[in-house]
Amino acid sequence: MAIAALPLSLGFGVASGLGARAGLITAVLAGGLAAVLGGARLQITGPSGVIAVVLAPVAAARGTSAVLVTGLLAGAVLLAFSLAGADRYLRWVPAPVVKGCVLGAAAVIIAQQIPAGLGRTVPHGEAVAAAAAGAVGGFLRDPDWPALAVALATLAISLLGPRLRPAVPFPLLAVAAATAVAECARLPLPRIGHLRTGLPAPSPDFLVPSEVFGLVPGALTLAALIALESLMGAAAADAMSGTERHDGRRVLFGQGVANLAVPFFGGVAATGTMCRTALNVRSGAVSQLAALANAAALAVVLLAAAPLASAVPLAALAGVLIATATRMIDIGSLRALSRVGRGQAAIAALTATLTLAVDLVTAVCTGMVLAMALALRTLTATSRVEHVRVPAQRTPLPEGTPPAPASSEAQIAVHHLAGPLLFTTADRVLGPVMLPSPARAVVLDLSRVTGLDSTAILLLAEVIDHHRRRDAVVHLSGVCEAHRVHLGALGVLAKLPPPGTPFATASEAVAQARAHLHALAPSPQDEPATRPLP
């Protein structure tokens, strides 16, 4: 397991902006703490691509201290999530937003690694898309064929090798082979050792509230992504093992403690990884000892083989990370979203685009807002009203005698409201109920109303006032207890005739309306008739 995790830990450490050594520190320390304290025994914790996408812009804009402080804040938020039992709420994040984030993160990783794969350096703080385009332009003007060859070779081996022999650590073999070739041939390729690999510590400047406050949005996004990826990875491990069942609260607690600890040792933020966890389960792991052994093996590499790791060409790591990002893209899930509806696919596509073009925080916030708007639109589309007229009186007819047509004035208008009555639907549903009507009694049946907000309640009061002004009696029916409380609080029930309370069913309301109209002006000539309202 450690053999497969080594190149990913190195690569994601570099991608996060703190260096390869920071990635190894994270894999060792966070992996061990999460294995001991977490609630998923088979999960492997370490640096990941999604985390690197969040931290790389922070490192470029504010420096390494900001990356460490962001990890500290994220760890504190994860502990708060654990204490609040937020694991059951994080599952509410819409699938299109999650899929869009993963797709966008994969695109960012690929864009980040294109310059290294082409033998180019990236100006400090430049956007990843612009840097990738600039690297391609620079390569066309002055090609660096050795770097491209190394990147393509490691990419091909990392993608094709696991399909043939899944148990063989082809990414590590590809990196080792590329390093050996580069050393033997003395290829002038940028190496990991050329980057800063020390152990940075949080700067005192970032411990003042004004500086920390600016890192809070990124830390919140980072914590949410760590929680989501860790919980999804734990659930996947349960499904693959068939016998495990993770504890969501403890998963978040373990991730929180791990992310609070690693910044003090110069490590980047960590999360429960999906692919390394899956490989751990498929390798036969049955307890957290496998994760501890993985952390111990990486610790040996960190302490004893750091000079060898520093000789790895950046182009080789670029090939491995591009292959990893490619495998992050779940084509089947994206196709399924497109079949569900264009709105779902559009949210995923927009989230991915904003992740690449702007940043992950903006992408997640925009995706959540659009997903909620789409959900509200889908929900309110079920709102409707059915109009029916029933006779004000019923009198028996001699057998064989057809009923005479009833006049409009002899009818009771019954309006069956259905679905959620919210600010988005109230006017569309209740507007037709206020149209001119000669009916002397009106019944508003709310038995099929699933939601009622203050806007709809106030409009319902206007409907009642409208019919009362034309001397029609109004009754409510089918009001549930929760809606009854809100209707009473906003004065709707006070507008009803005695006894001033809704009826249980529309039939009871119609019977009361008939009795009321009969007391006012009995009309025994009226015959039964039922016809829809125009």
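Does Arg186 count as buried or exposed? Before I answer, please note that this is a predicted model. Arg186 has a relative accessibility of 73%, and therefore it counts as exposed, the cut-off being over 50%. The residue is found in the loop that runs between helix H9 (170–184) and helix H10 (209–241). Its backbone deserves a remark as well: phi of Arg186 is near 50°, a positive value in a residue other than glycine.

A second residue belongs in this part of the talk. For Asp471, phi is near 65°, again a positive value in a residue other than glycine. Asp471 lies in a loop too, between helix H20 (454–469) and strand E6 (473–477). With a relative accessibility of 71%, Asp471 counts as exposed.

I turn now to the salt bridges. How many does a search of the whole structure find? The number is five, and I shall discuss some of them.

Let us begin with Glu386. Its side chain meets that of Arg384 in a salt bridge, at 3.8 Å from N to O. Glu386 also forms a salt bridge with Arg448, where the closest N and O atoms are 3.4 Å apart. Arg448 lies in strand E5 (residues 441–452) and Glu386 in strand E3 (residues 384–391), so this pair ties together parts that are 62 residues apart in sequence. As for accessibility, Glu386 is partly exposed at 34%, Arg384 is partly exposed at 41%, and Arg448 is partly exposed at 35%.

Another salt bridge is found within a helix. The side chains of Arg484 and Glu481 meet at 3.6 Å, N to O. Both residues lie in helix H21 (residues 481–489), three residues apart, which is about one turn of the helix. Arg484 is partly exposed, with a relative accessible area of 27%, whereas Glu481 is exposed at 55%.

Finally, I come to a pair of helices. Helix H3 (residues 49–62) packs against helix H6 (residues 95–117) at an angle of about 70°, the axes being 9 Å apart. That angle makes H3 roughly perpendicular to H6, and the crossing is left-handed. Which residues make the contact? From H3 they are Gly49, Val50, Ala52, Val53 and Ala56, and from H6 they are Ala105, Val108, Ile109 and Gln112. By class, this contact has seven nonpolar residues, two polar ones and no charged ones.

Thank you for your attention.

How values were computed:
Residues are numbered from 1 along each chain as its sequence is written. This is a predicted model: local features need pLDDT of at least 70, side-chain atom pairs count only at pLDDT 80 or more; totals for chains, interfaces and linings use all residues. Side-chain values use heavy atoms; hydrogens and water are left out. Axes are lines fitted to C-alpha atoms, for helices over the stretch in contact, and angles run from 0 to 180 degrees between N-to-C directions. Helices (H or I, at least four residues) and strands (E, at least two) are DSSP runs, numbered from the N terminus. Angles under 35 degrees count as roughly parallel, over 145 as roughly antiparallel, 65 to 115 as roughly perpendicular and the rest as oblique. A crossing is left-handed if the near helix is turned anticlockwise from the far one by less than a right angle, and right-handed if clockwise. Contact means heavy atoms within 4.5 Å. Ala, Val, Leu, Ile, Met, Phe, Trp, Tyr, Cys and Pro count as nonpolar, Asp, Glu, Lys and Arg as charged, and the others, Gly among them, as polar. Buried means under 20% relative accessible area, exposed over 50%, partly exposed in between (1.4 Å probe, protein chains only). A salt bridge is a side-chain nitrogen of Lys or Arg within 4 Å of a carboxyl oxygen of Asp or Glu.
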